[in-house]
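Q: I'd like to learn how to read side-chain and helix contacts in a model. Can we go through some together, step by step?

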Amino acid sequence: MDKLITVSPSPHAYGDDTVKKLMYGVLYALLPAFLVSVYFFGIGALIVTAISVVSCVMFEYLIQKYMMKTEPTVSDGSAAVTGVLLAMNLPTNMPWWIIVIGALVAIGVGKMSFGGLGNNPFNPALVGRVFLFISFPVQMTSWPEPIISRLQYTDAVTGATPLAVMKEGLAAGVPLSRLVEQIPGYLDLFIGHLHGSMGEISALALLAGGIYMIARKIITWHIPVSIFLTVFLFTGILWLINPYDNADPVFHLITGGLVLGAVFMATDYATSPMTPKGMWIFGIGIGVITVAIRVYGAYPEGISFAILIMNSFVPLINKYVKPKRFGEEVKNG
Amino acid sequence: MSDIIIHSIITLGAMGGAAAIILFLVATKFNVVEDPRIDLVEEELPAANCGGCGLPGCRAFAEALVKADDISGLKCPVSSSEAMTKISVILGKEIPEPEPLVAVVRCAGTPVSRPRKNIYDGAPRCSVASALYSGESDCPHGCLGLGDCVEVCRFDAIYMNPETGLPEVIDELCTACNACVTECPRSIIELRKKNKKDRKIYVACINEEKGGVARKSCKVACIGCGKCLKACKFDAITLENNLAYIDPVKCKLCRKCAPECPTDAILEINFPVRKEKAEAQAQD
Amino acid sequence: MIKTFPNGGVHPAEDKFAAGSPIKVLPAPETVIIPVSQHIGAPAEPVVAKGDKVKTGQLIAKSKGFVSANIHSSVTGTVKKIDRETDSSGYKRTSIVINTEEDQWNEGIDTSKALNRNIAAGADEIVRKTLDAGIVGLGGATFPSHIKLSVPKGKKAEILIINGVECEPCLTSDHRLMLEKGEELMVGIQLMMKALNVRRAIIGIEKNKPDALEYLGKLSSDYEGITVNALKVKYPQGGEKQLIKALINREVPSGGLPLDVGAVVHNVGTAFAVYEAVQKNKPLIERVVTVTGKELSKPSNFMVRIGTPVKALIDAAGGLPESTGKIVNGGPMMGKALNSLEVPVTKGTSGILLIPAAEAARKPVVNCMRCAKCISVCPMGLEPHLLMPATEFGKWDLAEEEKILDCMECGSCSYICPSGRPLLDYIRLGKSTVSKIIRSRKQ
């Protein structure tokens, strides 16, 4: 033997998954939602996504190379995922400089300041989004008109999201039956023909992406399903108690950022619990907080805050919710 | 308006008073009487918590010092002798003068003297590699070069020399805390007496194989030939299991043994260059 | 529903290239190197000296202590030396080196191939013969079998489980043994049942061996109490605790033994060895070894004398491919990488796997991104992502609390990790350190 042989501890076989493959899998899963968005919002969607992804990748590269002085790992795709998710959370008429600020906060504050991939306690894209939401509330809450603003970017005609229509209307004492007329039909809501942030409009496309990720074992079903179930049950109870002042559970499920949040944001590896039991606790928490903010809170949509709040519980959940140990409780049958 | 002020003063005052009473009661009930000398002694210790004394941290060591009647058995390898004198004054107990020691790496197997025979591809820890197999070279006793000793050293006194792939001790920084000695899975590192000008002379090998086998696995291995034994006038060298060992206490640093070694396994460090060698170098 | 264990597990590529090649008997090599420690427990003590003539099957090292096993000469010849020789770990361990001459079997050994179904021996005699023959668990764990055949006082065995799972990819030695020595196996199982005083035995076989399932299923109808059970393919189903859970749905408690739930697990190879020891008086001097690899020209199964150098096996299977980058003693999941071809086959060698250089290196290590895949595949319900840093940074209390000692070192976590982290490397280190700490605490 001329060549040297390798010696290492077992195992000597390895699975196919790598960080890169998983991250690109998430990107593929986001593709349908992105295409729907391009269909409804046209060039705005393309510009916002491009700026967001490029600036996220660039900031990660610069920070790793010049501040952390490590080998940049941008090729693993995690910065690109953050970029796309941040874009998905923005209206498509967002001025470019706000997006760059959002990307800097998402990557710089949300991710790299904690040590990079896997060490961030909060979902970076949501950190960016919430920062922008608080800093630029006007730009963050004027959504362009779908289809007719295809060829417009920042000069698009804008309108309010169904959730905002509902919230403001109910607050102003407008009867629910009148409000429903101002909102697109459920089929339109489901396929994405509505005002909203770029990625949150089409529940259908997002669910398709979610099923793809579950099938490829990128994520497990526990978090999305627990969030959906909780939101459905909670809003369903409210609706049953008072169907005149509360929207029905189906409306809550298919509007706003709920599907985007439940499928793509809450399932972020580093910021979600690691055991199925923990995932249920996490999902239920997100569902309850989301509905509480939507129904009782100051904002029409609460999924971002709900996820960030539950993110802060993840270390605690991971510490106390353990997987079922083999042979721990002996149940012999 | 004055109502508000008065009410605030009364309620806040009452809350503060109640809290103070509770705190006082708790403090008296759970008060732990501790020997005040423990704190004094601890202040003199280096607070490195290195565990070199064999106890978990400096506080535990201070407690042990205060408790024990005879403290000659308790040694902090890190503390200076002044600090120990101060402690002995505080406690009124005798402390023997410690002999300064320094860590010495007893392996000189560079990639040249023992070529790499396979590639280790596991976790970069000597302890992991050592539990798995004999190592990248043919020598099952030699340094694995993955730097567990560097990791464990709290004083940055060991670094890996990238050329030789071996750890090197910086004598000025080494406190002889023994951490690397216990950490090394091959027991290569030894604490030896510190000599003038950091001079040392030692057998840089722990291979106990028979001469031929040892030599085959590494060119600078001790082959147990015993030539150094004959050269030593002070009975400082012993030969056991095909391995020579120079007793650091008996050794007088006369340098007679080193030139006798056929495999250059005896290292002389920080000595002036030998005459013959200097001449040879000059001729080159 | 086909059974399997419920939690964790992975599906590595099976790559059973040698499944179709019948067991060939490999002639004894010129010299054999027989280590005195081929089992878990105390090394055996040599009872021969340099220059002694030994016969095939003669005792050459005697078991020392309760957990230990006898060692027999696998050839006829002269003891060349008793010295420290390199074993599969690269370290030198005491071994008996014998120069081979023409085979001459030790007296009393029945070398005929005839099947002997007639069980004459009593329970004690079966255990004694197992002990005498130096039989150890041939699945790879090499735990002395006589201990597992004698039920201690106060415990009762209810069921014997025979492990024909061979969940380890690439290996086919158990598979071939089941196909070719089915009858002997059945008699061996009956002997074990008699020794343990149990009425039921289940042979667990994974679905990827339909021929073995069918053949043994047919045979088992002739033997009372023995059934064959098909299992879903999932690694590590051959783990003792996983197999018990899969077959009879009982969970061995943490830190406990299979006997705590009334089960005893033996490998098919062990059952065959017990047959030979009791019915033929033949000690354990040879075993079936799979020699395989993607680029090996003739992946084969050999009946090999213990002590044969690995090189002889590879030569018989078509020679070492030029591209070989790693040589593994055992399967790809739990096998041990070798650094030399001169090391001998021992009782625990179930296969020799040659991995091409292109697949030999590990994935580059990157940050843990807490994807929790290691948790979902751990068959013991542990959290490898937590145990690795606990070991890395010496948090032994945490490691112990998180049940590091329950780890069975199956390697599923390292296999699945997308970040290529050496989880098991550290966990293994942590296990040994924690058990040392526990031992020192007891003293």
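Q: What lies over the face of B:Phe30?
A: The idea is to look for a charged group above a ring, within 6 Å of the ring centre. In this predicted model, B:Lys29 sits over the face of B:Phe30, 5.8 Å from the ring centre.

Q: And which residue lies over the face of A:Phe133?
A: That one is A:Arg129, at 5.0 Å from the ring centre. A:Phe133 also belongs to an aromatic cluster, together with A:Tyr299 and A:Phe305.

Q: How many aromatic pairs does the structure hold over all chains?
A: There are 8 of them. Let's take one: A:Trp221 and A:Trp280 are 6.1 Å apart, centre to centre, with 75 degrees between the planes. Planes over 60 degrees apart count as edge-to-face, and that is how this pair is classed.

Q: Which parts of chain A does the pair of A:Trp221 and A:Trp280 tie together?
A: A:Trp221 is in the loop between helix H10 (203-215) and helix H11 (222-241), while A:Trp280 is in helix H14 (residues 276-296), so the pair links parts 59 residues apart in sequence.

Q: What kind of aromatic pair do C:Phe272 and C:Tyr275 form?
A: Check the plane angle again; under 30 degrees counts as stacked. Here the planes are 20 degrees apart and the centres 6.4 Å apart, so this pair is stacked. Both residues lie in helix H7 (residues 268-280) of chain C, 3 residues apart, or about one turn of the helix. C:Phe272 is buried at 7% relative accessible area, and C:Tyr275 is buried at 2%.

Q: Now helices: what describes two packed helices?
A: You give the angle between their axes and the distance between the axes. In chain A, helix H3 (residues 78-88) and helix H5 (residues 124-135) pack at about 35 degrees, with axes 8 Å apart. Their crossing is right-handed.

Q: Which residues make the contact of H3(A) with H5(A)?
A: From H3(A) come A:Thr82, A:Leu85 and A:Leu86. H5(A) brings A:Pro124, A:Ala125, A:Gly128 and A:Arg129. Sorted by class, the contact has 4 nonpolar, 2 polar and 1 charged residues.

Technical notes: Residues are numbered from 1 along each chain as its sequence is written. Chains are lettered from A and ligands numbered from 1 in the order in which they are written. This is a predicted model: local features need pLDDT of at least 70, side-chain atom pairs count only at pLDDT 80 or more; totals for chains, interfaces and linings use all residues. Side-chain values use heavy atoms; hydrogens and water are left out. Rings of Phe, Tyr and Trp (its six-membered ring) pair if their centres lie within 6.5 Å; planes under 30 degrees apart count as stacked, over 60 as edge-to-face and the rest as tilted. Helices (H or I, at least four residues) and strands (E, at least two) are DSSP runs, numbered from the N terminus. Buried means under 20% relative accessible area, exposed over 50%, partly exposed in between (1.4 Å probe, protein chains only). A charge sits over a ring if NZ of Lys or CZ of Arg is within 6 Å of the ring centre and within 35 degrees of the ring normal. Axes are lines fitted to C-alpha atoms, for helices over the stretch in contact, and angles run from 0 to 180 degrees between N-to-C directions. A crossing is left-handed if the near helix is turned anticlockwise from the far one by less than a right angle, and right-handed if clockwise. Contact means heavy atoms within 4.5 Å. Ala, Val, Leu, Ile, Met, Phe, Trp, Tyr, Cys and Pro count as nonpolar, Asp, Glu, Lys and Arg as charged, and the others, Gly among them, as polar.
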